[in-house]
Amino acid sequence: MQNILEIAIKKGFKEIYNSAIESVEFQATKKDFEGDITIVIFAFLRVVKGNPVEIGTKIGEYLKENVSQVSDFNVIKGFLNLVIDDSYFISSFNNILKTENFGFITPNLNEKAVMVEYSSPNTNKPLHLGHIRNNLLGYSVAEIIKASGKKVYKTQIINDRGIHICKSMLAWQRFGNGETPKSTGLKGDKLVGNYYVKFDQEYKAEIAQLIVEGKTEKEAKSEAPIILDAQKMLLKWEAGDAEVVALWKKMNQWVYTGFDETYKELGVNFDKNYYESNTYLLGKDIVAEGLKKGIFYKKEDGSVWIDLTEEGLDEKIVLRADGTAVYMTQDIGTAIERFKDFNLDELVYTVGNEQDYHFKVLFLILDKLGFDWAKNCYHLSYGMVDLPSGKMKSREGTVVDADDLMLEMTKTAGDISQELGKLEGYSEEEKATLYKIIGLGALKYYILKVDPKKRILFNPEESVDFAGNTGPFIQYTYARIQSILRKATFNYNQEISNLKLHKKERSLIKQLQLFPETIQLAAKNHSPALIANYTYDLVKDYNSFYQTVPILGCENEQEKIIRTQLSAKVSEIIKSAFKLLGINVPERM
């Protein structure tokens, strides 16, 4: 519609004022005024001097005469509000009805792809609430980019080596008495996490003892026997010691099995796993090359650095004096390998905002090294998640565990559903399935409706509210529509053409029209919040429509058909939008 209007307005300006305008600024008409599309007249004053109301009136009259879809207009100050004819909305809605997977573009598999990295956990502890936000964001952004028409790879890099991994290994070796996930009935990631906590407890006890014996805190921390033994174990791992490597493989496998269960429960997946044990040596050759080209420089102690002070940053180390890599080195090497292996156009890193500086530096280094694709690397930065009880910590074992939180959400959904008393005729199995759909939907929606950059205070009870901007409210609307459709025993597949639309029907059609551009905008901005809040607006419009006009009780057959069609399409879009957020919808509630 906007294209038709823009062409007509440009033509009208030429005829009325003998002037050419470059572009037209459109807005949705404010709900207080009559109209469907608003044209900002102020923008034209650069070309034509005069009273904005007079200019708006002349353009309005021209459009009403020359554009069949414009049935009326009004001018409020510098804004021209156009009323679009019902026939346009009915025709548009008929096209939406015919379009399978409306809003989605099938990816061209021959084009370059986008890779989205998320999760990237350590193998010394289970996933926690912070990982939940990371996984939900990364997975959803990947699904949205795919829906926008791009080929997508989902990936994670698993931090499976280093001193923190050796801490869990050493503690299990000393205090584990050979226990396994099978012998304890614990998930593997939980078992290994317990030994990470155990190491920290023993380490603190040794530090306290050394301080009593006269050491300073700094000395105690570096001389505690248990930390020295963990460091020795890491050196043995790096040297390929058979016994240490066997223990490392065994304990990591326990963790991977545990992670897989959590990912399945959370509903996320990956196309490719990278392991730090395979990538930690990458990038060294690139640093050597950059040194030759003068991009990096060597300090007296032999360490290699890059000076980014001219770019407003500081100096950054890329290779230690002993020749070992830092995280930056690995990230340089891994990024280059990914672009090479997967024919990528874009690489998205889903990592918390405490790493904002790291990624600024990484992308700048890649650019200086001459990689054109460096400008297509994007850091999907996000804020911390807090619970009302405070922040999360992992060493002391007081972390908010991802599995526990998901169970808690399912329980909370069950408690609230039972209080509302809407579960007559459900078997226990059906109830359990429903509670999980509602509980996980509440968790995911509460996290994803917020702009990624903002910090979240996650309140489980608030998220399971059946009213307001929540997952369960939207799921309930979907289930309500399914109930209407089950009762629609007539054929509502025929196309409607001549009909006077109710303003609530027009409002719903306008909201449906926005879905394709919302997907494109969400993909461009890497923001699931745009999809979440679009869906909430659609549901609000539908509920207003549902409360204002009869649907199945319509006496006019054509009205009954189009209202049932609208209901069906709205539910289809809710389901599609929620799929992009990784949220399921129940057929009844």
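Helices α5 (163-175) and α10 (242-266) each supply at least two residues of the lining of the second largest cavity, helices being DSSP runs of H or I of at least four residues, numbered from the N terminus. A cavity is a set of points, on a 1 Å grid over the protein atoms alone, where a 1.4 Å probe fits but cannot get out, and its lining residues have an atom within 4 Å of a point. The model is predicted: local features need pLDDT of at least 70 and side-chain atom pairs count only at pLDDT 80 or more, while totals for chains, interfaces and linings use all residues. Residues are numbered from 1 along each chain as its sequence is written, and side-chain values use heavy atoms, with hydrogens and water left out.

With three residues, α5 gives the most to this second lining. The residues around the second largest cavity are T123, N124, I165, S168, M169, V192, M251 and N252. Four of them are nonpolar, four are polar and none is charged; here Ala, Val, Leu, Ile, Met, Phe, Trp, Tyr, Cys and Pro count as nonpolar, Asp, Glu, Lys and Arg as charged, and the others, Gly among them, as polar. The volume of this cavity is about 30 Å³, a volume being the space filled by probe spheres set on the points, which are joined across faces, edges and corners.

The count of cavities of 30 Å³ or more comes to two. The largest cavity holds about 90 Å³ of space, and its lining consists of S417, L420, K422, L423, L434, I438, F466, Y476 and M589. Two or more of these residues come from each of α15 (402-420) and α16 (428-448). The lining of the largest cavity divides into seven nonpolar residues, one polar and one charged.

Note on methods. On a 1 Å grid over the protein atoms alone, a cavity is a set of points where a 1.4 Å probe fits but cannot get out, and a pocket is an open set with protein on both sides within 12 Å along at least five of seven lines; lining residues have an atom within 4 Å of a point.
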